[in-house]
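User: Please take a close look at the sheet in this structure. How is it built, and what packs on it?

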Amino acid sequence: MAKQSTCAAERSSTQFNAVFLSANGNLRPCQAAASDLCAGSVGASIVQFVMRRGAQFGLLFLLPLLLLFPLQAGARPQYGSTYGPLPVFELHSGFWVNLHHTLYHEARQRAAASAPDNTSKASGPPLKIAPEAKPTLTASEQKSWDDAVTYYAANYTGKDLLFSTELIQLKDQLGDFEDCDELSGRKRKFCDAGMPAKLTQVLESAASIYRAHLWPQHDRANRRWILRVAPLVREQGVGLSERLADIYQTRWPREKIRVDVSAYANWAGAYTTVDPLRVTISSLDSRNQGPEALEVLFHEASHGIAEPVQAAIIRECRQRDKAIPRDLWHALVFYTTGEVIRPVLASSGETAGDRDGSVPGGGYTPYAVREGLYQRGWNDYFKLLQRFWQPYLDGHATFDDAVARMVSSL
Ligand SMILES: [Zn+2]
């Protein structure tokens, strides 16, 4: 895809040093590739939306899982090999990616707590985490952990996980080194991640504390989340990927899409970065629980294939000399994923229980309806999508006609 090639030259297994060396000055902008991704486009509209859901996993469900997956910090969490390979996605619960997002989350929380208006995006929706889960650290552990959070606060809290090239590449690099229990290469040369010495030292000293206190519960939450969604992916993954690729008039990526399941993700609960296409999803976020996890997965993955519709909207706008609507394509991706997922979940019995009934004819309420995205600024888009895009989804209009009619009605 053209927009992804913007940064393709920067992405390789050996480019990390170069990126960090240039971090003080001339990072080539990758924002063009990332700026059309999920969270940035939704904006602040969903941040303060009060979450009222959150499927719970009972203890009876949890115990067999713990037997199935004894915790092994640093062990390769390749769920495909555990359950038999999953189609479409490759689901990971990686130690370093989780540590990175936890430090970022704590640093943002600290910044939010000291902000004058106290309304930072750092808070997000309620997380599925028990109050007793807060670990008790020794004084020296607390100091090391605080130092790491301070480092993140000083270097990263002002940067967005979705838009900062530096953070995207750090996240990807930490994912690539998930098999390593160090990042410096002191013990094993191939575990030298090539990161700046200070960052390596910060992460390694925080790692022992995280591994001892938080990682077991985070990894457990990630595995629960994966176990919950895996059967749906196995049953429906191929069909859904083909249907979505067909709708967007493109091909689904040939390689499985890597999904990093992490206790914390960004303020939106999930985000997707390109070159390489990778999804990060929070296992604790209340928006991502239950059968709805399947929609979150496919919504995020759609960021990697929906470029043709965005290009078509821009083309139609230019032809009609109209301003390009900022988020129409993203509302369309939300709408499309929800409509494609809804009958699948309804027919598999994976309905979400008592919903508000705002979408008739099915027991599953799509994410954008459930989280109030349309009511919070996208209502006109929602009407356009129902009127002109739905006929295309139903096979009663062509792709080009549907986009042209939407744009002409703007
Ligand atoms: Zn999105």
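Analyst: Confidence comes first. The protein chain has an average pLDDT of 78, and 71% of the residues score at least 70; pLDDT is the predictor's confidence in each residue, from 0 to 100. Residues 1-83 fall below 50, yet this stretch has 121 contacts in the model beyond near neighbours in sequence. A contact is two residues whose C-beta atoms, placed from the backbone, lie within 7 Å. Residues 352-361 are also below 50, with 13 such contacts.

This is a predicted model: local features need pLDDT of at least 70, side-chain atom pairs count only at pLDDT 80 or more, and totals for chains, interfaces and linings use all residues. Residues are numbered from 1 along each chain as its sequence is written.

Now the sheet. It is open, has four strands in the order 1-2-4-3, and its pairing is mixed. Strands (E, at least two residues) and helices (H or I, at least four) are DSSP runs, numbered from the N terminus. Two strands pair if DSSP finds at least two bridges between them. Strand 1 (89-92) and strand 3 (270-273) are the edges, each pairing on one side only. Neighbouring strands are turned by 20° against each other on average, direction ignored.

Strand 1 runs parallel to strand 2 (residues 257-262), over four bridges. Here H92 stands opposite D260 of strand 2.

Two helices lie across the strands. Helix 12 (residues 292-302) lies across strand 1, strand 2, strand 3 and strand 4 (278-282), at about 150° to strand 4. Axes are lines fitted to C-alpha atoms, for helices over the stretch in contact, and angles run from 0 to 180 degrees between N-to-C directions.
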